[in-house]
Amino acid sequence: VGSIVGVPADLALVRMQADGTLPVGERRNYTGAFNALQRIVKEEGAIGLFRGAGPTVGRAMALNMAMLSSYDQSKEYFPSHSGSG
């Protein structure tokens, strides 16, 4: 859920960074993050804010699974091997 909420801000950041690498005629010339978000909604619709959400959510799911499983494993391992268990 958290990764979905952050997608629009991440999209605005990526677009603003990539804007400088485009040829002058193709630049969007965003003036800031809010301007970028506003123009994305105006030009592409509200759904445009979530372009690229699939890979972002997939990455977040994989990362969370890895963190949770390693946390559980370490909780089982360390108390029995540290002498305080």
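The legends below describe views of a predicted model.

**Figure 1. Overall fold of the predicted protein model.** The secondary structure consists of three helices and zero strands, and the elements follow the order α-α-α from the N terminus. The radius of gyration is 20 Å, well over the 12 Å that the globule rule gives for 85 residues, so the protein is more spread out than a compact globule. The C-alpha trace spans about 65 × 25 × 20 Å along its principal axes. Of the 85 residues, 20% count as buried. Among contacts with a separation of 6 or more, 47% are between residues 24 or more positions apart.

**Figure 2. Packing of helix H1 against helix H3.** H1 covers residues 2–19 and H3 covers residues 53–81. Their axes lie 9 Å apart, at an angle of about 140°. That angle makes H1 oblique to H3. The crossing of H1 past H3 is right-handed.

**Figure 3. Residues in the contact of H1 with H3.** On the H1 side, the contact is made by Ser3, Ile4 and Val7. Their partners in H3 are Ala53, Thr56, Val57 and Ala60. By class, the residues of this contact are five nonpolar, two polar and no charged.

**Figure 4. Packing of helix H1 against helix H2.** H2 is made up of residues 33–44. The axes of H1 and H2 come within 9 Å and cross at roughly 100°. The two helices are therefore roughly perpendicular to each other, the range for that description being 65 to 115 degrees.

**Figure 5. Residues in the contact of H1 with H2.** H1 contributes Pro8, Leu11, Ala12, Arg15 and Met16. H2 contributes Ala33, Ala36, Leu37, Ile40 and Glu44. Eight of the residues in this contact are nonpolar, none is polar and two are charged.

Figure 6. Arg27 has a relative accessibility of 33% and so counts as partly exposed, a class that lies between the limits of 20% for buried and 50% for exposed. Not counting residues up to four places away in sequence, Arg27 touches Asp19, Gly20 and Leu22. Arg15, a residue of H1 that takes part in the contact with H2, is 12 residues from Arg27 along the chain. The C-alpha atoms of Arg15 and Arg27 are separated by 9.8 Å.

How values were computed: Residues numbered from 1 in each chain as written. Predicted model: local features only at pLDDT ≥ 70, side-chain atom pairs only at ≥ 80, totals over all residues. Heavy atoms only, no water. Axes fitted to C-alpha atoms, helices over the stretch in contact; angles between N-to-C directions. Helix = DSSP H or I, 4+ residues; strand = E, 2+ residues; numbered from the N terminus. Parallel < 35°, antiparallel > 145°, perpendicular 65-115°, else oblique. Left-handed = near helix turned anticlockwise from the far one by under 90°. Contact = heavy atoms within 4.5 Å. Nonpolar A, V, L, I, M, F, W, Y, C, P; charged D, E, K, R; others polar. Rg over C-alpha atoms; globule rule 2.2 N^0.38 Å. Buried < 20%, exposed > 50% of the residue type's maximum accessible area, 1.4 Å probe, protein only.
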